[in-house]
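Reader: I would like to learn how to read a pocket and the ligands of a model. Please take me through one.

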Amino acid sequence: MYNKLQYISQGETIEEQLRNIHQVLDAGCEWVQMRFKNQTTQNTLALAEAVKLLCDKYQVKFIVNDDLHLAQQIEADGVHLGLTDTKIDEARAILGSEKIIGGTANTFEDIQNHVKNGCDYIGLGPFRFTATKEKLSPILGLSGYFDILQKLKKDKIDVPVYAIGGITLRDVNPLMETGIHGIAVSGIITESDEKEKLIQQLKEKLYANVIV
Ligand SMILES: Cc1ncc(COP(=O)(O)OP(=O)(O)O)c(N)n1
Ligand SMILES: Cc1ncsc1CCOP(=O)(O)O
Ligand SMILES: [Mg+2]
């Protein structure tokens, strides 16, 4: 079972990214997506190599945003691909069956396509407005998640769905009630001065109904 909490990294420089990721790992997060936009290839590679070492040390999953060749080069656990990034089936052909491929969705049809093409998990959103990403797809709100998750259930499409976009601690319970698997968050964790406490609180809500 994939972890129910994915941290999406933030930071304008390699140092800032590494500081944020290191703090999040120390605070107990077990899944990191490295998202480092508008950077040189050299910078992105340097950060990815450093994050790979860190994630190996903490024994947590590490996926790379957007760049499947970089994910392959540094032997990350996988890649997250958006609707305008490399197609999921092309990425699967290159990465093989062992690597994790996540895909962004905004509609039920996006999820159907991703699953058909071999996607392992879905980042469904945005839940609400967020300044973390530009050019957002239409906002889904709670009712959007409810409708899409109902359709997935009806069509027996069983794929882990992560809610994303402007999520706060208060949103976790209502979102989980729609049937999502977990959440992918960036801002709330990056900006928190009490990361350990926040991650613990998020996990308590995310795993409240999981029988171990
Ligand atoms: C878990 C997760 N879900 C969605 C996204 C968004 O991906 P994308 O639409 O490609 O946007 P960018 O993150 O590349 O700006 C994500 N990264 N992770
Ligand atoms: C990458 C991405 N894709 C849709 S919303 C989003 C940003 C999520 O970050 P935050 O949790 O800060 O809103
Ligand atoms: Mg992308």
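This is a predicted model: local features need pLDDT of at least 70, side-chain atom pairs count only at pLDDT 80 or more; totals for chains, interfaces and linings use all residues.

Reader: What is the volume of the largest pocket?

Author: Rolling a probe the size of a water molecule over the atoms shows where empty space is left. Here a 1 Å grid over the protein atoms alone is used; a pocket is an open set of points where a 1.4 Å probe fits, with protein on both sides within 12 Å along at least five of seven lines. Points are joined across faces, edges and corners, and the volume is the space filled by probe spheres set on them. The largest pocket comes to about 1300 Å³.

Reader: Which residues lie nearest the centre of the largest pocket?

Author: Lining residues have an atom within 4 Å of a point. There are 47 of them, and Arg35, Lys37, Thr132, Lys133 and Glu134 lie nearest the centre. Elements giving two or more residues to this lining include strand E1 (5-8), strand E5 (100-105) and helix H8 (187-191); helices (H or I, at least four residues) and strands (E, at least two) are DSSP runs numbered from the N terminus. The lining holds 15 nonpolar, 24 polar and eight charged residues, with Asp, Glu, Lys and Arg counted as charged, Ala, Val, Leu, Ile, Met, Phe, Trp, Tyr, Cys and Pro as nonpolar, and the others, Gly among them, as polar.

Reader: Which residues does UniProt list for "binding site"?

Author: An unreviewed UniProt entry lists Gln33, Met34, Arg35, Phe36, Lys37, Asn65, Thr104 and Lys133. Of these, Gln33, Arg35, Phe36, Lys37, Asn65, Thr104 and Lys133 are in the lining of the largest pocket. Such annotations may be inferred rather than shown by experiment.

Reader: Which residues are closest to ligand 1?

Author: A residue is near a molecule if one of its heavy atoms lies within 4 Å of it. Ligand 1 is surrounded by 15 residues, the closest being Gln33, Arg35, Lys37, Asp66 and Thr104. A polar contact is a pair of N or O atoms within 3.5 Å. The side chain of Gln33 has an N or O atom 3.0 Å from a nitrogen atom of ligand 1, and that of Arg35 has one 2.7 Å from an oxygen atom of ligand 1. Alone, ligand 1 exposes 420 Å², of which the protein buries 91%, by the Shrake-Rupley method with a 1.4 Å probe.

Reader: Which backbone atoms lie by an oxygen atom of ligand 2?

Author: A polar backbone atom of Gly187 is 2.7 Å from an oxygen atom of ligand 2, and one of Ser186 is 3.0 Å from an oxygen atom of that ligand.

Reader: Which peptide bond is cis?

Author: Most residues other than glycine have a negative phi, and most peptide bonds are trans. The bond from Gly125 to Pro126 is cis, with omega near 5°. Asn38, not a glycine, has a positive phi of about 55°.

Methods
Residues are numbered from 1 along each chain as its sequence is written. Chains are lettered from A and ligands numbered from 1 in the order in which they are written. Side-chain values use heavy atoms; hydrogens and water are left out. A polar contact is a pair of N or O atoms within 3.5 Å; within protein, one must be able to donate a hydrogen and the other to accept it, and residues adjacent in sequence count only if both atoms are side-chain atoms.
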